[in-house]
Structure formats: C-alpha cells, structure tokens
Amino acid sequence: LWVPTQGDDRIHAVDPLTGARLRSLNVPRDQCKNVHQVLAMADGASLAVVCEGDHVSPGSLLVLGTDGAVKSVTAVGTFPDYIGLWRTP
C-alpha cells in the first residue's frame with residue numbers, strides 16, 4: 001500500500017496487514033507540490049502520483065519508479081486530486 005503525506009511531500013510504502021512503514025520516497029518538490037494521491041501501476045515498478053500544486057497554478061501528474069526515480073512529469077489542471085485507470089480484463 002502506498003500512502004502520500006502532505007507537508008513533507010513523501011510517499012510511504014505501508015504493509016496493509018500490520019500498518020508498518022516499510023520505506024519512504026521523497027517526491028521532488030520542484031515537480032510536485034502537495035502530493036495528494038498515489039496509484040500503483042500494473043507493471044509493479046511505477047507509481048502514478050497526483051500533485052495538487054499551489055491551488056493557483058497547474059498541479060502535476062508524476063510517474064515515479066518505486067525506487068523514487070522520476071519517469072515523467074505532466075502539468076495538469078488547477079488543484080487536481082484524483083487519478084483513475086481504466087483496465088480491461
């Protein structure tokens with residue numbers, strides 16, 4: 001389970017059975033302000049991260065590796081707060 005925290009703009013891997021924090025990733029603040037949601041991608045090695053931004057300028061969508069490496073950054077609308085994926089069976 002991946003859990004974002006605002007203020008420190010970090011993403012934490014948490015064991016859903018025990019609640020134990022397994023590790024944490026720093027989100028680059030110059031590319032992501034106010035991390036809001038994290039979605040694990042089907043490849044198991046990437047995370048889609050929604051960043052609210054400053055609520056005036058566009059926020060961003062980051063794709064991060066589970067090692068914290070930035071794979072891509074895309075500016076999106078003002079104050080985004082959700083990402084969903086359509087997966088076909």
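## Close-up views of a predicted model

**View 1. Contacts of Ile11.** Leaving aside residues up to four places away in sequence, Ile11 touches Trp2, Val3, Pro4, Arg23, Ser24, Leu25, Val27, Val35, Val38, Val49 and Leu64, where contact means heavy atoms within 4.5 Å. The model is predicted: local features need pLDDT of at least 70 and side-chain atom pairs count only at pLDDT 80 or more, whereas totals for chains, interfaces and linings use all residues. Residues are numbered from 1 along each chain as its sequence is written, and side-chain values use heavy atoms, with hydrogens and water left out.

**View 2. The largest nonpolar core.** A nonpolar core is a set of buried Ala, Val, Leu, Ile, Met, Phe, Trp, Tyr and Cys residues joined through side-chain atoms within 4.5 Å; buried means under 20% relative accessible area, exposed over 50%, and partly exposed in between (1.4 Å probe, protein chains only). The largest such core has 13 residues, of which Trp2, Ile11, Val49 and Leu62 touch the most other members. Strand E2 (10–14), E4, E5 and E6 are the elements that give two or more residues to this core. The largest share, three residues, comes from E5. Strands are DSSP runs (E, at least two residues), numbered from the N terminus.

**View 3. The three-stranded sheet.** Three strands form an open antiparallel sheet in the order E1-E2-E3; two strands pair if DSSP finds at least two bridges between them. Strand E1 (2–5) and E3 stand at the edges with a single partner strand each, so one side of each is left without a neighbour in the sheet. From one strand to the next, the twist averages 25°, with axes fitted as lines to C-alpha atoms and angles running from 0 to 180 degrees between N-to-C directions. Four bridges join E1 to E2, and Thr5 stands opposite Arg10 in E2.

**View 4. Pro16 in its loop.** Pro16 is found in the loop between E2 and strand E3 (21–26). Pro16 counts as exposed because its relative accessibility is 61%. Although Pro16 and Leu1 are 15 residues apart in sequence, their C-alpha atoms are 6.1 Å apart in space.

**View 5. The four-stranded sheet.** Four strands form an open sheet in the order E4-E5-E6-E7, with antiparallel pairing. Strand E5 (residues 46–51) is joined to E6 by six bridges, and Val49 stands opposite Leu62 in E6. Strand E6 (residues 58–65) also pairs with strand E7 (residues 70–78) over six bridges. In the hairpin of E6 and E7, four residues lie between the strands, and Gly68 takes a positive phi near 95°.
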